[in-house]
Amino acid sequence: MSEDAKVNKNQSKKEQLEKFTTDDRGKKMTTNQGLKVSEDEFSLKAGERGPTLMEDFHFREKMTHFDHERIPERIVHARGFAAHGEFQVYESMKEYTKAGFLQDPSKKTDVFVRFSTVAGSRGSGDLARDARGFSTKFYTEEGNYDLVGNNIPVFFIQDAIKFPDLIHAVKPEPHNEIPQAASAHDTFWDFVANNQESAHMVMWTMSDRAIPRSYRMMEGFGVHTFRFVNEQGVSHFVKFHWKPVLGTHSVIWDEAQKVNGKNPDFHRLDLWEAIENGDYPEYELGVQIISNEDEFSQEFDILDPTKIWPEEDIPVKIIGKMTLNRNVENYFAETEQVAFHPGHVVPGIDFSNDPLLQGRLFSYTDTQLLRLGGPNFHELPINRPVCPFFNNQRDGFGRQTINRGKVSYHKNSLADNTPEPASKEEGGFEHYHEKIDAHKVRARSESFKDHFTQATLFWNSMSKPEKDHLIEAFSFELGKVESKSVRQQVVDMFGNVSMELATNFADAIGVNPPEGEDTGYTKSSPALSQENSVKKPDTRKVVVIIGQNYSGAEVNYVLKELKKKGVQPEILSNKKGMLQGSDGSELEVDHTFLTADSVLFDAVYAVGGSEEDKKFFKQAALFIHEAYSHFKPIGATQEGRPLLHLDEMEDAPGVIYGGEIEEFTDRFIEAIAAHRFWEREVV
Ligand code: HDE
């Protein structure tokens with residue numbers, strides 16, 4: 001019986017993890033057998049200049065362990081970052097589901113969330129154009145529930161059997177392993193053109209959604225249709241949404257590529273620092289619900305994972321909130337070893353027949369067996385449920401539980417026929433009693449065969465800047481495709497989505513415009529546009545470009561007001577150390593022109609200083625110009641004003657200078673809250 005099982009009660013995940021956490025600081029060094037080590041610099045040798053001896057068990061243990069430190073990276077979603085937190089439901093969801101963690105608003109459920117990119121390796125950059133994984137493990141009293149979602153609500157394919165093909169196409173090409181973490185290459189676009197069910201998802205991955213500003217500013221989606229089942233056994237179809245409290249925001253493609261060079265850990269660091277600073281990322285859980293009777297009420301098949309349920313037609317009911325409030329202690333032990341599985345469900349949550357979901361139910365256990373080296377990965381601290389667990393499964397690599405007694409089979413009389421299955425009333429999981437009456441076929445339902453209508457819906461729902469970004473993304477990606485035939489096929493395919501879109505990027509990539517007529521489909525869904533998302537100044541990073549003898553009183557006032565509004569100013573100058581203000585105040589420099597870059601901030605506050613030289617001036621002006629060309633807010637006071645390119649920036653939207661300091665500060669904060677000024681003409 002495991003330690004947990006002996007206690008036979010639920011515990012908090014934090015308490016449970018603490019039992020497995022050690023701190024080596026201040027301790028004497030030992031081998032893994034507990035033997036104190038007297039020396040750790042020199043291997044055991046036959047004479048000072050002689051050969052190393054086989055007998056040196058300390059050397060062998062240390063080296064062997066090191067040699068085995070790596071495990072296979074995830075075949076997809078290899079690069080990830082995670083944090084702990086908690087979830088609380090706003091009101092009981094009893095009417096729809098009996099899931100215990102969705103009943104009581106006063107109850108908190110511990111969670112562990114891992115965000116990821118999909119295509120790149122573990123060491124790739126955070127800002128790849130890609131979907132993002134958004135996996136949540138709820139440690140509930142009824143067992144672990146995993147909501148393994150993405151930040152895009154649809155998928156490239158409709159049947160799991162095509163997943164290896166999709167991933168082979170998007171991963172680096174096999175002959176030369178180029179390019180890393182990018183879909184801008186021949187095999188991916190060849191797959192797209194020849195598997196047209198991908199049209200809708202490709203619209204999302206070419207949109208700003210695929211280059212988020214932060215994991216804290218990303219929606220999450222369960223993608224598939226699941227079921228809620230209540231105490232009476234009544235089922236409803238449900239789609240899950242995570243809505244970030246800070247709104248859904250992105251960077252632009254030029255920034256994304258530069259961020260990958262300047263700070264490939266941009267998203268990781270952002271999440272880590274937000275949690276360390278107490279700016280806990282929050283996401284509301286929403287559900288869209290369709291009753292069993294209304295299964296066929298939509299113009300699309302609700303089992304098709306390439307379709308959304310437009311929020312204007314089927315509203316998202318907000319049912320609870322998740323707060324991420326604790327960073328991991330150890331990346332490998334927690335983030336790398338966590339094992340998610342869409343099949344980890346609790347009573348009250350069940351599957352639909354979405355053929356993509358059905359295939360995932362096999363793949364996730366299979367992959368952990370290889371990645372985590374055997375069937376006992378559920379015993380790893382991060383994966384253990386917080387409720388006790390008992391069954392007759394035994395042995396295998398790395399088994400930790402010491403099962404007492406000689407009975408490990410069911411049924412038995414020697415242990416009073418225990419452990420025994422629980423009845424429904426006792427919390428035993430019962431699969432939803434769906435009636436199936438069918439022929440065995442390898443086929444796809446006719447109702448899955450419209451691949452373009454919702455891709456057009458997405459296009460119709462975008463603002464003008466978002467449409468421009470889509471055209472640029474297609475032009476970039478296909479501009480990297482060598483095969484002219486593939487480029488032409490993609491243009492022809494997306495003519496079915498929008499003639500305006502396809503004609504524009506056809507022009508940029510040197511192939512013929514699509515033939516035919518526009519679809520004539522005019523419906524749009526405003527919820528799809530990020531322009532309509534919440535915009536706040538909170539946690540936006542403003543870089544303060546500043547030098548010696550800065551105008552102290554003004555700067556101190558502006559910084560104080562920015563902080564009051566939750567904005568995070570960071571100080572940048574030409575070297576590290578302390579800066580003196582004209583009023584005797586001091587500021588410590590966080591970054592220099594060498595260690596930071598314009599693309600790493602949301603806005604610029606140009607202050608300058610009366611003693612700065614030409615080099616400072618030149619570097620600052622370049623920095624500010626880049627922020628300007630990325631449509632970011634810029635504020636300037638005193639010696640900061642000459643740093644602006646006033647011929648271009650004078651009276652430009654979002655460029656704030658002049659006026660009394662109070663008025664300047666209010667206008668600057670307003671501009672920070674607006675995020676970007678797309679109406680700027682950038683040359
Ligand atoms: Fe995954 N996916 N997937 N996937 N997926 C994995 O499991 C798979 C799909 C998603 O942070 C793997 O543990 C198949 C859709 C996330 O650890 C693997 C199919 C969605 C993560 C796997 C899909 C996802 C994974 C690789 C088509 C959004 C990262 C390592 C049927 C709803 C989990 C692992 C983490 C990871 C298989 C499609 C999300 C191989 C076969 C759709 C967020 O098992």
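Let me start with Lys424, which counts as exposed because it has 12 C-beta neighbours inside 10 Å, and the cut-off for exposed is 12 or fewer. Bear in mind that this is a predicted model. Lys424 sits in the loop that runs between α10 and α11 (453-461). Its C-alpha atom is 37 Å from that of Arg132, and 292 residues of chain lie between the two positions.

Next, the overall layout. The chain has a domain 1 (80-165 + 208-379), a domain 2 (452-531) and a domain 3 (535-674). Taken over C-alpha atoms, the centres of domain 2 and domain 3 are 38 Å apart.

Now the ligand. Which residues come nearest, of the 25 around it? They are Arg74, His77, Gly133, Ala160 and Val223. Two or more residues of the shell come from each of β2 (109-117), β3 (132-140), β4 (143-150) and α10 (355-371). Helix α10 gives the largest share, 7 residues. By type, the shell has 11 nonpolar, 11 polar and 3 charged residues.

The unreviewed UniProt entry has a "binding site" annotation, which covers Arg74, Arg114, Phe163, Arg360, Tyr364 and Arg371. I will take two of these.

Arg74 is in the loop between α3 (57-67) and β1 (80-89). Is Arg74 buried or exposed? Arg74 is buried, because 20 other C-beta atoms lie within 10 Å.

Tyr364 belongs to helix α10. Tyr364 has 16 other C-beta atoms within 10 Å, so it counts as partly exposed. Setting aside neighbours within four places in sequence, Tyr364 is in contact with Phe340, His341, Pro342 and Gly343.

Definitions and conventions
Residues are numbered from 1 along each chain as its sequence is written. This is a predicted model: local features need pLDDT of at least 70, side-chain atom pairs count only at pLDDT 80 or more; totals for chains, interfaces and linings use all residues. A residue is near a molecule or strand if its C-beta atom, placed from the backbone, lies within 6 Å of it. Helices (H or I, at least four residues) and strands (E, at least two) are DSSP runs, numbered from the N terminus. Ala, Val, Leu, Ile, Met, Phe, Trp, Tyr, Cys and Pro count as nonpolar, Asp, Glu, Lys and Arg as charged, and the others, Gly among them, as polar. Domain bounds come from an automatic or database domain assignment. UniProt positions are given in the numbering used here, feature names are shortened, and annotations may be inferred rather than shown by experiment. Two residues are in contact if their C-beta atoms, placed from the backbone, lie within 7 Å.
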